[in-house]
Each structure stands twice: as C-alpha cells, then as structure tokens.
Amino acid sequence: MADPQLSRARGGGSSDVFQKPLGKDEFVKVRKRDLERLTTETMQIKDFLPKILNGEFLESFHQLEIVETGLEKREQESEQLRLDCNHFKARLKNAQEDCQKEREEKLALRVQLNEARQQLLQQAEYCTEMGAAVCTLLWSVSSNEESVQFILGGNKAEKFFSIVGQTIESFVKSLDGNVKEEHDLDSDENQFVLALAGIVTNVAAVARGREFLVNSAQILLETLLQLLAEMKAGLCTKLKVLMLMCLYNVSINLKGLQYISESPGFIPLLAWLLEDPDAEVCLHVLRLIQSLILEPEVFSRVKAQIHQSLPEQRIRELTNNRNPDLRSVASELLEDMKMLNF
C-alpha cells in the first residue's frame, strides 16, 4: 500500500520533493540534479581548498589572531591609561587648587610681612629719634662732674659703655661709598652716635671716668682705635674729633696712656690721621702726640716708632694752617721735639 503522504505529493502534480520529518536512521530524498550539483561543488571545494588554505594563509590567519590578541591587550592598556589619566587629572586639579590656596596664603603673609617691616621701621625710627634726644640730653648733663660720678655709680655703667662701643661700631661699619659729604650724615642716627661719643668724652674728662674706662671699658677703647683706622679721611669728622678727644682725655691718666700707646699700630694710626684734611682732627692728633712725648716713661718706649712713622714735614706744614689753635699746638710740638733732641 502506497504511502498516503507520498501519494498526495504525486497526485498533486507538484515538482517539489516531499520531505518527511527527520528522525533517527531516517533518510531524505533529494533531486538527482541537486545531488549532482552538490557533488560537483564538493569536488570543486576539494580541488580549491588546498590551494586556498596554504601555509601562508594559515600563517596570516595565525598572525591575525596575534594581532587581534595584541589589539585587545592594547585596548585594555589604553583603558588603563585612560583611567590613570583621569586619576592624574584629578590629582592635578587638587594640586592646582592647593597651589592657588598656598599662593593666596603666601600673598597674605607677604602683606603681613610688609606691614610688620613697616611697623618695625617706624619703631626703629622712633627709637633712634628718642635715643638721639635722650643721649643728647645726657651728653649735656655729663659735662658736669657730679653727673659723671652719678652715672658711674650705677650698676649699669659697664653695660652702657659696652653698648656704646657696639653702637658706634655698627654705625661706622654701615657707612658705604654713597656717603660723599658730611651733611649726608645729618640724621637722628648720626646725632645718636655723636651723643654717645660725646658722653664717653665727657666721662673721660673726669679723673674717676678715666679710671673707669681704663679698668672696666678697655673693649670700648680698643673699638675706638679700630674704628679710627677704618674711617675714611675727610668723612665723619665730628665723630673722629670726639673719639680723639676721648683718647686724649684717657691719655692724661698714665695707665690710660700706656694702654692706648701699646695698641698695635697706634703710632702709624696717628701719622695717618695727621694727613686728614680737617683741622680739628689734626689738632687732636697733635695733642695725643704731645701726651706721648711729654711722658718720659712712655716716650722712651715709643720713641723709635715715632721717629720712624711721624711725618715731621706735615707738622711744619700745620704751623701755617689757618686754624690758630692748630698752628699753636703744631709749633709747641715742634719746640718739644727740639728740646728732646728728636
């Protein structure tokens, strides 16, 4: 008995092949023409496939796999770099914000510093002005012997004269080449230093004051000698005169004369100061020289140095100076030297 389904296919006159549902160990009917075409295509594939799938193609395929793997790795690295870049951008932004904050803080601190400097400058100017006024008054007061006794009787005398030496030294060392004329030093600071030097000079004019300076303020005397050697000729003449007057007053005391005459370079210093263009400076240098030669004990020790360093010709020139006191002292010194067979 014929298959009903197959009969229906044949009876319908259709050219299509009826395909039964596939199951295990079942077959499918295919047209001969289609089978032949499939067979032909299969054979063609068998002929061409070895030609296509040669070693070069397989190598290329393998290289493609490597490239794809590398590309995937690069994409992963790129993604990581992107994440790192975003991370560093965030850190950069934070750093820039911190930097801006620090700049603002630094600017604020600079403003505070400038304000503090201005305040300090104002305070320094005030202290200098006050110091100049007070020391000028004390300078005037110290011209009285009783006042000197009172000053030396306090327990701050040594400290005061130590500060005096430091202050004068600081002032002299602060001078530079920009100071061309004496009037450039007309200031509260200059007046302050002059007043300090004047106080020391007045103290040295009193017997007890000379004793005090020789015994308790030797560093001050050494400072004065040192600064006289450093100060330029023709400048700070008022200060030089006060310092020389102080040394002359100290030289009235035998111990004081011995002390300053033993200072290294003292005689050459006098010879150098004698060349100063200021008459007052030369006058007090000559008086110091007189103190040296009129004290036999000291003169015998420094005679050779005086003979070697002292410019006698310069002293003779000073006898013709327009300053009457200088002419007089220069003439007296020449007479003293003549009497001493010098």
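Surface patches are made of residues with over 30% relative accessible area and no salt bridge, like charges being joined within 9 Å and nonpolar side chains (Val, Leu, Ile, Met, Phe, Trp, Tyr) within 5 Å. The model is predicted: local features need pLDDT of at least 70, side-chain atom pairs count only at pLDDT 80 or more, and totals for chains, interfaces and linings use all residues. Residues are numbered from 1 along each chain as its sequence is written, and side-chain values use heavy atoms, with hydrogens and water left out.

Val-28, Val-30, Leu-35 and Leu-38 make a nonpolar surface patch of about 350 Å². Accessible areas come from the Shrake-Rupley method with a 1.4 Å probe; for residues, only the protein chains shown count as cover. Leu-35 sits in helix α2 (residues 32-52). Helices are DSSP runs (H or I, at least four residues), numbered from the N terminus. Leu-35 is partly exposed, at 47% relative accessibility. Buried means under 20% relative accessible area, exposed over 50%, and partly exposed in between (1.4 Å probe, protein chains only).

The largest nonpolar core holds 71 residues. Such a core is a set of buried Ala, Val, Leu, Ile, Met, Phe, Trp, Tyr and Cys residues joined through side-chain atoms within 4.5 Å. Phe-161, Leu-213, Leu-239, Leu-286 and Ile-315 have the most contacts inside it. Residues up to four places away in sequence aside, Leu-239 touches Phe-171, Val-172, Val-193, Leu-194, Ala-197 and Met-231. Contact means heavy atoms within 4.5 Å.

The whole structure contains nine salt bridges. Each is a side-chain nitrogen of Lys or Arg within 4 Å of a carboxyl oxygen of Asp or Glu. Lys-240 pairs with Asp-276, the closest N and O atoms being 2.9 Å apart. This pair links distant parts of the chain: Lys-240 is in helix α9 (residues 237-251), whereas Asp-276 is in the loop between α11 (266-273) and α12 (279-294), 36 residues apart. Both Lys-240 and Asp-276 are buried.

Arg-74 bridges to Glu-77 at 3.9 Å between the closest N and O atoms. The two are three residues apart in helix α3 (residues 55-141), so about one helical turn separates them. Arg-74 is exposed, at 51%; Glu-77 is partly exposed, at 36%. Glu-317 and Arg-314 also meet in a salt bridge (3.5 Å, N to O). Arg-314 is buried, with a relative accessible area of 16%, whereas Glu-317 is partly exposed, at 42%. Arg-31, Asp-34 and Arg-37 are linked in a salt-bridge network.
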